[in-house]
Amino acid sequence: MHHMVSANRLATRKFLEGPTMVSRIIPVDPFDLVIFGGTGDLARRKILPGLFRRFVDGQMPDEARIIGAARSELDTKAFRRHIGDALEEFVPAARRDKKHVASFLERLDYVQIDATGTDGWTALAKLVRTDLVRAYYFSVGPSLFGALAERLHEHGIAGRNCRIVVEKPFGHDLASARELNHTLAQYFDEDQIYRIDHYLGKETVQNLMAVRFGNVLFEPLWNAQYIDHVQITVAETVGIGGRGDYYDKAGAMRDMVQNHLMQLLCLTAMEPPARFEPDAVRDEKLKVIRALQAVEPTDLVRGQYDAGAESPSYREEAENPDSTTESFIAMKLDIANWRWNGTPFYLRTGKRMRGRLSEIVVRFKEPPHSIFDEDAGTNANELTIRLQPNEGMDLRVTIKEPGPGGMRLIEVPLDMTFADALGQDDDDVPDAYERLIMDVIRGNQTLFMRGDEVEAAWAWTDPIIEGWTKRGDAPKLYEPGTAGPEEALMLLHRDGRRWRDVKP
Ligand code: NAP
């Protein structure tokens with residue numbers, strides 16, 4: 001079967017080599033981007049390497065400037081060196097032409113600033129150009145978001161042509177998210193606030209919308225009549241590492257489900273928006289969240305990783321011997337609307353699992369009547385939207401096993417790994433952050449969460465957490481390097497279904 005799949009890829013590539021493959025990179029308008037927390041981990045690992053790649057691709061106009069801001073005592077030269085090191089660490093050597101790096105670093109400035117104090121603000125106000133698009137990236141802890149917003153306003157560098165990018169976590173429950181929305185709203189309009197969820201910047205996630213709404217093939221079947229169930233898995237192999245302080249107070253539900261998995265669920269389940277426009281898309285996502293039913297305790301499994309042969313237990317890593325925080329969660333959700341009545345969505349996410357995997361699996365129903373003998377086998381179609389590894393999609397279809405021996409049915413994948421199909425290396429697929437930052441500069445909020453969406457997600461999350469807190473449920477221990485606790489497998493088994501394997 002391998003040949004057939006390769007032939008299919010080849011055809012895709014040939015097709016794309018035609019006029020459709022011309023580069024569509026259009027430079028954005030000149031801008032000033034201020035990165036608060038410019039010396040931090042996220043800035044070094046994601047934001048600046050992403051901006052560098054946009055620069056290399058010619059998307060950044062000459063007048064664009066990036067200003068790092070943090071408390072560390074650095075001058076612009078030292079900051080450039082710091083970021084130069086980061087590029088060396090996080091951009092593959094083949095994509096790091098010396099001239100490009102030097103010219104990119106020249107665009108960087110640094111201002112020493114304290115978000116909660118007065119130091120540095122006058123200098124920053126002098127530096128930013130108020131006649132251009134200004135974006136302020138809040139890549140600092142959430143306790144500083146309010147202080148930053150207030151000071152930008154006070155120093156006269158907020159204003160209509162500026163945007164703020166707010167990192168996660170956006171609150172830890174409904175009350176705190178509301179408060180944060182309220183604080184930001186004192187200084188910025190909703191259309192200036194970009195709440196980032198980097199899952200939405202993934203090529204595949206946007207492709208989910210292209211596949212659903214750009215073809216006639218799927219949408220007529222995209223409902224409870226033809227879809228048996230949907231699985232969304234985000235599995236990580238890492239533990240909580242040095243993030244114990246934060247994570248132990250959050251847990252998988254707050255850290256992953258309320259935001260990332262919820263967003264994936266929304267894009268899978270939402271009604272077709274009238275237009276691919278920010279509010280049209282976000283209105284539809286909001287309706288999905290509001291249609292989510294409360295989760296019964298029996299439809300919920302929480303887990304916590306135990307010690308392994310070579311790895312400490314969650315409690316050891318969190319340095320909290322009594323912790324009841326979940327590092328794994330699996331749940332069965334019902335969406336109470338016409339489209340999804342009777343089709344469950346199963347979600348799971350966890351740390352220290354067997355493999356690193358993020359995917360959405362849409363499992364269709366079997367054909368209503370089989371015309372073939374029982375021993376021919378039956379198969380159901382399955383569409384997999386893979387966020388990692390190897391971003392891409394895969395549609396399993398049933399065909400006849402080739403050759404003599406009668407009619408036997410087998411499943412073959414129509415595989416669309418983007419890197420293969422589009423003739424790109426994995427490195428070419430733009431990273432989520434770079435796309436999202438360019439969207440900020442362009443002023444496109446489609447892939448960012450609106451305030452009411454975040455609040456609705458918390459409004460659904462809070463009672464679930466309150467429920468298990470009140471009941472005093474302890475998470476089930478699971479062995480590291482597995483697919484989580486046994487009970488999570490049972491969640492599907494009892495419905496006559498099974499999770500897709502989490503492969504190493
Ligand atoms: P980090 O490595 O601890 O960096 C924090 C940054 O904030 C540093 O540059 C720090 O620099 C600066 N900072 C701290 N206090 C400040 C103050 N009072 N005034 C001005 N600057 C201050 O954290 P991070 O991992 O980069 O995370 C940043 C944000 O992104 C957090 O909200 C986090 O939840 C979110 N996030 C991070 C990741 C990730 O992969 N790292 C992923 C998703 C979301 P100085 O000490 O020099 O001031």
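A salt bridge is counted here when a side-chain nitrogen of Lys or Arg lies within 4 Å of a carboxyl oxygen of Asp or Glu, and a search of the whole structure finds 41 of them. The model is predicted, so local features need pLDDT of at least 70 and side-chain atom pairs count only at pLDDT 80 or more, whereas totals for chains, interfaces and linings use all residues. Residues are numbered from 1 along each chain as its sequence is written, and side-chain values use heavy atoms, with hydrogens and water left out.

**Salt bridges**

- Lysine 46 pairs with aspartate 431 in a salt bridge whose closest N and O atoms are 3.6 Å apart. Because lysine 46 lies in helix α2 (residues 41-56) and aspartate 431 in the loop between α12 (418-421) and α13 (432-442), the pair ties together parts that are 385 residues apart in sequence; helices here are DSSP runs of H or I with at least four residues, strands are runs of E with at least two, and both are numbered from the N terminus.
- Lysine 46 is partly exposed at a relative accessible area of 27%, and aspartate 431 is also partly exposed, at 24%, where buried means under 20% relative accessible area, exposed means over 50%, and partly exposed lies in between (1.4 Å probe, protein chains only).
- Lysine 332 and aspartate 495 meet through their side chains in a salt bridge of 2.9 Å, N to O. This pair links distant parts of the chain, with lysine 332 in strand β9 and aspartate 495 in the segment after α15 (486-493), 163 residues apart.
- Lysine 332 is buried, with a relative accessible area of 17%, while aspartate 495 is partly exposed at 25%.
- Glutamate 277 and arginine 275 form a salt bridge of 2.9 Å, N to O; glutamate 277 is partly exposed at 36% relative accessibility, and arginine 275 is partly exposed at 47%.
- A network of salt bridges links Asp279, Arg282, Asp283, Arg450 and Asp452.

- Strand β9 (residues 328-333) is mostly covered, six of its six residues being buried.
- In a regular strand the side chains alternate between the two faces of the sheet. In β9 both faces are covered, with Phe328, Ala330 and Lys332 buried on one side and Ile329, Met331 and Leu333 buried on the other.
- Strand β8 (residues 300-305) runs antiparallel to β9 and is joined to it by four bridges, strands being paired if DSSP finds at least two bridges between them; alanine 330 in β9 is the bridge partner of valine 301.
- Six bridges join β9 to strand β10 (residues 345-350), again in an antiparallel arrangement, and threonine 349 in β10 is the bridge partner of isoleucine 329.

**Alanine 177 and the cysteines**

- Alanine 177 lies in helix α7 (residues 174-187) and counts as buried because its relative accessibility is 0%.
- Leaving aside residues up to four places away in sequence, alanine 177 touches Phe170, Gly171, Val454, Glu455 and Trp458, a contact being heavy atoms within 4.5 Å.
- A search of the whole structure finds zero disulfides, a disulfide being a pair of cysteine sulfur atoms within 2.5 Å. Cysteine 162 counts as buried at 0% relative accessibility, and cysteine 266 likewise counts as buried at 0%.

**Methionine 407**

- Methionine 407 is found in the loop between β13 (392-400) and β14 (409-417), and at 40% relative accessibility counts as partly exposed.
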